[in-house]
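Here is a short report on how one protein chain packs together. Take a look at the model before reading on.

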Amino acid sequence: MRPVVLDGGDRRCVLLLLELRRLITTVPAGTVVHLIANDPATPLDLPAWCHLTGHTYLGPVPGGQPTYAVRVAGTAVLTDLRSPWRPAPAGP
């Protein structure tokens, strides 16, 4: 299966995580997502986000643009809709 590509361009990492969070809900477990991101915080923030949520950070993808790979987990910790670096609040 070919990776799903999310081109984040020059957007800040927090916006990319919000987009990635939305995208992940639309693809099956095991899907690999290639996130293209120029934000210098991405190589630090993306692995931390994957650790928080349970998705697998696969690392940088060789090539021209800064691209990072993530494998979508079957079950993952949901994050807050507006703060993707925080777990979703528990409740009914």
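## Terms and model

Helices, of at least four residues, and strands, of at least two, are DSSP runs, numbered from the N terminus. The model shown is predicted.

## A charged residue in a helix

Start with Arg-21. Arg-21 lies in helix H1. Is this residue buried or exposed? Arg-21 counts as buried because its relative accessible area is 16%, and the cut-off for buried is under 20%.

What does Arg-21 touch, leaving out residues up to four places away in sequence? Its contacts are Trp-49, Leu-78, Thr-79, Asp-80 and Leu-81.

## Two helices meet

Two packed helices are described by the angle between their axes and by the distance between those axes. Here the pair is helix H1 (residues 13–24) and helix H2 (residues 42–53). Their axes come within 10 Å. They cross at roughly 40°. The crossing of H1 past H2 is right-handed.

Which residues make this contact? H1 supplies Cys-13, Leu-16, Leu-17, Leu-20, Arg-21 and Ile-24. H2 supplies Thr-42, Asp-45, Leu-46 and Trp-49. By type, the residues of this contact are 7 nonpolar, 1 polar and 2 charged.

## The sheet

Now turn to the strands. An open sheet holds 4 strands in the order E1-E2-E4-E3, and the pairing is mixed. Strand E1 (4–7) and strand E3 (56–61) stand at the edges. Each has a single partner strand, so one side of each has no neighbour in the sheet. On average, neighbouring strands are turned by 25° against each other, direction ignored.

E2 and E4 pair in the antiparallel sense, over 5 bridges. Val-32 has Arg-71 in E4 as its bridge partner. Leu-35 has Tyr-68 in E4 as its bridge partner. E3 and E4 are also antiparallel, again over 5 bridges. In that pair, Thr-56 stands opposite Arg-71 in E4.

E3 and E4 form a hairpin, with 5 residues between them. Gly-63 sits in the turn and has a positive phi of about 150°.

## Helices on the sheet

How do the helices sit against the strands? H1 lies across E1 and E2. It runs at about 155° to E1. H2 packs on the sheet too, touching E2, E3 and E4. The direction of H2 makes about 0° with that of E4.

How much of E4 is buried? E4 is mostly covered, with 4 of its 5 residues buried.

## The nonpolar core

The largest nonpolar core has 17 residues. Which of them have the most contacts inside it? They are Leu-6, Leu-17, Leu-20, Val-33, Leu-46 and Trp-49. The elements giving two or more residues to this core are H1, strand E2 (32–36), H2 and strand E4 (67–71). H1 gives the largest share, 6 residues.

Take Val-33 as an example. Set aside its neighbours within four places in sequence. Val-33 is then in contact with Val-4, Leu-6, Leu-20, Leu-23, Tyr-68, Ala-69, Val-70 and Val-72.

Definitions and conventions:
Residues are numbered from 1 along each chain as its sequence is written. This is a predicted model: local features need pLDDT of at least 70, side-chain atom pairs count only at pLDDT 80 or more; totals for chains, interfaces and linings use all residues. Side-chain values use heavy atoms; hydrogens and water are left out. Axes are lines fitted to C-alpha atoms, for helices over the stretch in contact, and angles run from 0 to 180 degrees between N-to-C directions. A crossing is left-handed if the near helix is turned anticlockwise from the far one by less than a right angle, and right-handed if clockwise. Contact means heavy atoms within 4.5 Å. Ala, Val, Leu, Ile, Met, Phe, Trp, Tyr, Cys and Pro count as nonpolar, Asp, Glu, Lys and Arg as charged, and the others, Gly among them, as polar. A nonpolar core is a set of buried Ala, Val, Leu, Ile, Met, Phe, Trp, Tyr and Cys residues joined through side-chain atoms within 4.5 Å. Buried means under 20% relative accessible area, exposed over 50%, partly exposed in between (1.4 Å probe, protein chains only). Two strands pair if DSSP finds at least two bridges between them.
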